Amino acid sequence: FVTGGGNDALSRVVNLHPDRFSGFAHHYIGEPDAASALERAVTEQGLRGYKILAPVVEKPLSSPDYAGVFEVCHRYRLPVLTHFGILGGGGACGVASGPNLSPLALAEVAQRYPNARFIVPHFGCGFPNELLSLCWASPNVSVDTSGNNLWTRWTMERYTLEQLFSRFYETIGPGRILFGSDSDWFPRGFAARYLMDQLRAVRSLNLPEADIRRIFRENALELLDR
């Protein structure tokens with residue numbers, strides 16, 4: 001679970017079944033005590049990673065103001081799910097600009113903190129080319145395939161799931177591609193449609209079954225030290 005109503009609430013949930021559930025801290029990186037809150041989350045609360053919504057972060061991720069958080073990520077070798085690209089709904093409630101819209105905002109941070117394991121979801125959410133460049137330059141950056149990937153409708157180039165899987169597979173291999181369900185509230189539960197669509201895409205590319213298992217299961221287990 002990469003969010004869950006605050007770190008305290010999510011900690012209570014995942015610790016009910018620690019053999020089955022993993023949770024990520026998800027407090028705002030700009031909070032004055034963000035670094036200490038993250039360290040507490042992973043050393044006391046049983047959380048295993050950190051999530052950042054980069055478009056709402058006011059300063060560039062490379063700002064010294066956030067160094068303490070990334071030092072904790074580096075020290076504990078944390079997976080750090082970092083959303084880039086458009087955020088929210090269209091119209092007045094959408095976020096489409098800012099210093100951290102492109103995955104390339106992570107370039108300096110990823111190389112400065114090589115033990116942190118960054119995952120960028122939704123194939124870059126409108127910035128697949130930039131994410132490919134970032135992954136090429138930084139071996140500690142992976143891609144997450146999560147969601148309906150509707151962002152492909154709002155770009156000049158109309159990407160398909162097959163094209164996205166193929167290009168990332170060719171560039172970084174199966175060990176740095178992770179399926180994400182993008183499931184959230186109940187009673188909706190698990191968004192099985194996303195899984196079915198993505199399995200269909202990788203099988204249409206004739207990827208080896210061993211690589212499919214890595215993408216849809218084993219890479220996440222490795223990141224979470226399961």
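Author: We take the sheet, then the helices. This is a predicted model, where local features need pLDDT of at least 70, side-chain atom pairs count only at pLDDT 80 or more, and totals for chains, interfaces and linings use all residues. Residues are numbered from 1 along each chain as its sequence is written, and side-chain values use heavy atoms, with hydrogens and water left out.

Reader: How do strands form a sheet, and what is the strand order here?

Author: Strands of a sheet pair through backbone hydrogen bonds, either parallel or antiparallel. Two strands count as paired if DSSP finds at least two bridges between them. Helices (H or I, at least four residues) and strands (E, at least two) are DSSP runs, numbered from the N terminus. Here, six strands form an open sheet in the order 1-2-3-4-5-6, with parallel pairing. Strand 1 and strand 6 (177-178) are the edges, each pairing on one side only.

Reader: What hand do the β-α-β units have?

Author: View with the strands pointing away from you: a crossover is right-handed if the path from the first strand over the helix to the second runs clockwise. Strand 1, helix 2 (residues 34-43) and strand 2 make a right-handed unit. Strand 2, helix 3 (residues 67-75) and strand 3 make a right-handed unit too.

Reader: How do helix 7 and helix 8 cross?

Author: Two packed helices are described by the angle between their axes and the distance between the axes. Axes are lines fitted to C-alpha atoms, for helices over the stretch in contact, and angles run from 0 to 180 degrees between N-to-C directions. Helix 7 (residues 192-204) and helix 8 (residues 209-223) have axes that come within 11 Å and cross at roughly 150 degrees. That makes the two helices roughly antiparallel (over 145 degrees). Contact (heavy atoms within 4.5 Å) involves residues including L199 of helix 7 and F216 of helix 8.

Technical notes:
Parallel < 35°, antiparallel > 145°, perpendicular 65-115°, else oblique.
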